[in-house]
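I opened the notebook to look up a few packing details, helix by helix and ring by ring. Here is what I wrote down as I went.

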Amino acid sequence: MNIFLKLFLVFSKIGIFNFGGGYAMLSLIQNEAVEKNAWLTNAEFADIVAISQSTPGPIGINAATYVGYTSVLNLGYSHAAAVAGAVLASLSIIWLPFILMLAVSRYLMTHKDAPMVKDVFRTLRPTIVGLIAAAALLLMTPDNFGSPSQDLGQFVASVAIFALSFCLTLFKKANPILVMLAFGTLGLLIF
C-alpha cells in the first residue's frame, strides 16, 4: 500500500479513536509508527516526542507532523514528498475529530448535565489516565534511560534525573518549564 494512503488511514484512525489529548495519543502513534509499520525506530520516536514537546502547538499534532515527515523520508522519498507526508499526517489526525465535534457539540451543550453524558465522561477519565501512563512507559526505554548492563552510570543518572524532576513537579509544585530547563542543562553537562 502507498505510504501516503497508509499515513492517511493510520492518522485518521488515531484521531477519531483518541480521547485525552496529545499525551494519550502518543502510545497509539508509537504503536502504529514503530511497532506495526516500522516507519521509525524507538530512538527516532523518542526524538520526535522530545521535539513535539518543545515546539508550539498540541503534542499529538506535532508528533503526527514529524512522524509523517520522517517516515516518508526514511522510505527514500525526497524532502518535498516528506513535507507532503507531514502535511497529510497532520490533517489526517484532525479532520475526523473536527467533524465529530461539529456534529455533537450542540447536543453536548444542551445535554451536558444529563446523567448519561456525565457517566460517559466519568468512564473516559480512567481510560485517559491509562493512555497517558502508557505513553510515559513507552518512553522509558534504553534509548532514553540507558541500560544498566551497557552503562550503569548513565542509567543511574537518568533515573535520578527522572525521579528528582518528577518529585519536584508533583510534590513541590515546581514550575515544569524551569524543571525542564534545569534538568535539560544538567543532562547536557552529564551526557
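I began with what the buried residues of α3 pack against, and found α2 (22-36), α4 (59-74) and α7 (142-145). For contact I took heavy atoms within 4.5 Å. Helices here are DSSP runs (H or I, at least four residues), numbered from the N terminus. This is a predicted model, so I kept its limits in view: local features need pLDDT of at least 70, side-chain atom pairs count only at pLDDT 80 or more, and totals for chains, interfaces and linings use all residues. Residues are numbered from 1 along each chain as its sequence is written, and side-chain values use heavy atoms, with hydrogens and water left out.

Next I listed the buried residues of α3 themselves: Phe-45, Ala-46, Ile-48, Val-49 and Ser-52. They lie on the same side of α3, because they cover an arc of only 160° around the axis; the arc is that of the directions from the helix axis to the C-beta atoms. Buried means under 20% relative accessible area, exposed over 50%, and partly exposed in between (1.4 Å probe, protein chains only). I also checked the length of α3: residues 42-54 make 13 residues, and the helix reaches 19 Å from first C-alpha to last, close to the 18 Å expected at 1.5 Å a residue. That expected span is 1.5 Å times one less than the number of residues.

Then I looked up Gln-30, which lies in helix α2. Gln-30 is buried, with a relative accessible area of 5%. Leaving aside neighbours within four places in sequence, I found Gln-30 in contact with Glu-35, Asn-42, Phe-45 and Leu-138.

How many aromatic pairs does the structure hold? I found 3. The rule I used pairs rings of Phe, Tyr and Trp (its six-membered ring) if their centres lie within 6.5 Å; planes under 30 degrees apart count as stacked, over 60 as edge-to-face and the rest as tilted. Phe-4 and Tyr-77 form an edge-to-face pair, because their ring centres are 5.8 Å apart and their planes stand at 70°. This pair links distant parts of the chain, 73 residues apart: Phe-4 is in helix α1 (residues 3-17) and Tyr-77 in the loop between α4 and α5 (79-111). Phe-4 is partly exposed at 24% relative accessibility, and Tyr-77 is partly exposed at 38%.

I noted Phe-162 and Phe-166 as a stacked pair, since their centres are 6.2 Å apart and their planes at 25°. Both lie in helix α8 (residues 152-170), 4 residues apart, about one turn of the helix.

While in α8 I stopped at Ser-158. Ser-158 counts as buried at 8% relative accessibility. Not counting residues up to four places away in sequence, Ser-158 touches Asn-144, Phe-145 and Phe-191.

My last stops were two positive phi values. Ala-38, in the loop between α2 and α3, has phi near 55°, a positive value in a residue other than glycine. Is Ala-38 buried or exposed? I read it as exposed, at 58% relative accessibility. Lys-173, in the loop between α8 and α9 (176-190), also has phi near 55°. At 64% relative accessibility, Lys-173 counts as exposed.
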